[in-house]
Amino acid sequence: MMRNFSKKSAKARPSQKTKKLLRPASKPDVGLADAEKFLLPTYKRQPVIMTHGRGAYVFDSTGKRYLDFLGGIAVNALGHAHPRIVKVIRREAARAIHLSNLYHNAFQGPLARKLAEWSGLDRVFFSNSGTEAIDGAMKLARLVGRKPEEPEGAPAKKYRFLALENSFHGRTFGAISVTATEKYRLPFAPVVPGVEFVHFNDLADLEAKFDDTVCAILLETVQGEGGIHPVSEAFWNRARSLATQYNALLIADEIQCGLGRTGRYFAYQKFSSKPDIALVAKPLAAGVPLGAILTIEAVASQVSPGMHGTTFGGGPLACAAALEFLSVVEEEKLLENIRARSAELREGLGKLASRFDFIREIRAEGLMIGIEISVEGAPVVAEAMQRGLLINCTHDFTLRLLPPFIITRAQVREFIKLLEIVLTKTSKQASAMDSGKSAVPQVAAQAAARG
């Protein structure tokens with residue numbers, strides 16, 4: 001039977017909009033509250049919870065979409081939820097996530113072969129992370145540097161490491177010892193002894209500090225955390241010749257700049273000579289933790305069972321994902337895409353630099369881009385996030401871009417448009433601050449004139 005409502009009773013029923021307004025305020029997110037209470041305060045995290053991603057976009061718990069030009073700090077090279085990676089992970093998770101390095105699995109050998117082909121090096125050791133690969137490489141350098149007549153346990157005569165100023169190599173004890181940035185290193189002093197830092201791209205300083213006590217020079221082919229600074233060809237060549245002359249190792253940290261990021265398989269491949277060791281991690285297994293030490297046969301021949309090891313490094317699921325990642329880069333011709341999108345980004349950023357005078361320099365190697373600005377970067381990053389764009393800032397004044405290898409021409413245009421909006425607001429805020437500062441002496445002068 002049809003019910004009959006009067007106009008009065010109909011008006012008395014609250015509308016959906018009114019119901020929404022009458023609802024009590026939502027409770028604080030339990031995940032954020034737990035994180036605040038129980039996690040070590042090692043990061044300045046944004047107060048949002050990211051829940052999932054698709055391609056070059058990531059979404060938070062409110063459903064807001066962000067264009068991801070940070071890429072998990074160079075990890076998500078294929079973006080989020082790439083269908084081929086998802087398929088492999090699902091398949092292997094149902095078979096064997098972990099076995100043990102006491103046995104072979106089906107993917108370690110083929111992955112090592114592929115990495116040797118890409119790098120031009122001979123042997124591979126799989127680690128859990130990049131910083132662990134750094135520590136392993138330092139152990140190899142000390143091992144190779146020890147002469148046969150030197151007894152085990154006694155200090156080796158060839159023990160020193162050279163690293164570069166402005167460097168960042170990781171968070172483990174060995175890695176921070178060769179990291180020049182003091183805020184990472186000094187709170188934990190004394191660190192591993194025997195490390196000296198060379199002025200970046202300074203040939204004279206390199207030659208002055210290199211001698212027969214050096215077991216290795218360790219450098220990022222392109223400094224990432226340091227603000228996107230590439231090692232010059234002259235510096236690389238001199239480091240290579242000095243390492244050969246003094247029977248030391250040249251170690252290339254390609255954890256952030258390697259595996260396609262610069263438009264080459266490895267960033268050092270723009271030079272004519274190779275390192276003795278190359279280190280990779282970040283994008284290697286498309287988000288599954290995995291790092292690797294790649295080295296030449298002369299170094300590998302010094303290693304015997306028991307000298308080094310890892311529990312989780314090189315597990316079947318991670319290695320299967322890594323093999324698929326390398327195959328996607330090859331088959332989808334992503335190096336070509338990286339170079340094309342890099343050119344478009346540099347062109348667009350160049351136009352922005354002509355409009356905003358606080359942009360001081362743009363440095364780019366493939367899809368590894370630094371925008372140096374003369375105003376503080378943190379507010380720019382925060383404003384970008386409000387606008388649905390993820391970037392970050394390093395060394396306070398360099399905006400760092402690490403977009404996925406799969407970005408499209410349309411997404412480059414979207415990025416430039418969003419960044420222009422962000423920089424316009426930054427420009428207005430900077431102008432307002434300058435006006436406020438200039439008003440201070442005027443007010444003081446007027447007060448002095450009044451006596």
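**Close-up views of a predicted model**

His 395 sits in the loop that links β16 (392–394) to β17 (398–401). This loop opens a set of legends for a predicted model, and the other views follow below.

View 1. The phi angle of His 395 is near 55°, a positive value in a residue other than glycine. Most residues other than glycine have a negative phi, and most peptide bonds are trans. With a relative accessible area of 32%, His 395 is partly exposed.

**View 2. Asn 247, in the loop between α11 and β10.** Is Asn 247 buried or exposed? Its relative accessibility is 58%, so Asn 247 counts as exposed.

View 3. Pro 190 belongs to the loop between α9 (182–185) and β6 (195–198).

**View 4. The whole protein, for orientation.** The protein has 16 helices and 17 strands. Of its 451 residues, 47% are buried. Among contacts with a separation of 6 or more, 72% join residues 24 or more positions apart.

**View 5. Helix α13 against helix α5.** Two packed helices are described by the angle between their axes and the distance between the axes. How do the axes of α5 and α13 cross, and within what distance do they come? The axes of α5 (residues 83–93) and α13 (residues 316–331) come within 9 Å and cross at roughly 160°. Angles over 145 degrees count as roughly antiparallel, so α5 is roughly antiparallel to α13. The crossing of this pair is right-handed. On the α5 side, the residues in contact are Arg 84, Ile 85, Val 88, Ile 89, Arg 91, Glu 92 and Ala 93. They meet Leu 317, Ala 320, Ala 321, Glu 324, Phe 325, Ser 327, Val 328 and Glu 331 of α13. Sorted by class, the contact of α5 with α13 holds nine nonpolar, one polar and five charged residues.

**View 6. Helix α13 against helix α6.** Helix α13 also packs with α6 (residues 108–119): their axes come within 9 Å and cross at roughly 35°. The crossing of α6 and α13 is left-handed. From α6, the residues that take part are Gln 108, Pro 110, Leu 111, Lys 114, Leu 115 and Trp 118. Their partners in α13 are Cys 319, Ala 322, Leu 323, Leu 326, Val 329 and Glu 330. The contact of α6 with α13 comprises nine nonpolar, one polar and two charged residues.

View 7. Zoom in on Glu 330, which lies in helix α13. Tyr 265 and Glu 330 are 65 residues apart in sequence, and their C-alpha atoms are 9.8 Å apart in space.

**View 8. The largest nonpolar core.** In soluble globular proteins, nonpolar side chains tend to be buried together. The largest nonpolar core of this protein has 86 residues, and Phe 325 and Phe 415 touch the most other members. Helix α13 supplies the largest share of this core, eleven residues. Leaving out residues up to four places away in sequence, Phe 415 touches Leu 67, Phe 69, Leu 345, Leu 349, Leu 389, Ile 391 and Leu 401. Another core, of 23 residues, lies apart from it; among its members are Phe 161, Ala 175, Phe 197 and Leu 279.

**View 9. Arg 142 in helix α7.** Arg 142 is part of helix α7 (residues 130–145). A relative accessible area of 29% makes Arg 142 partly exposed. Beyond residues up to four places away in sequence, Arg 142 touches Tyr 159, Phe 161, Val 192, Pro 193 and Cys 215. Arg 160 is 18 residues from Arg 142 along the chain, and their C-alpha atoms are separated by 8.6 Å.

Methods:
Residues numbered from 1 in each chain as written. Predicted model: local features only at pLDDT ≥ 70, side-chain atom pairs only at ≥ 80, totals over all residues. Heavy atoms only, no water. Axes fitted to C-alpha atoms, helices over the stretch in contact; angles between N-to-C directions. Helix = DSSP H or I, 4+ residues; strand = E, 2+ residues; numbered from the N terminus. Parallel < 35°, antiparallel > 145°, perpendicular 65-115°, else oblique. Left-handed = near helix turned anticlockwise from the far one by under 90°. Contact = heavy atoms within 4.5 Å. Nonpolar A, V, L, I, M, F, W, Y, C, P; charged D, E, K, R; others polar. Core = buried A, V, L, I, M, F, W, Y, C linked by side-chain atoms within 4.5 Å. Buried < 20%, exposed > 50% of the residue type's maximum accessible area, 1.4 Å probe, protein only.
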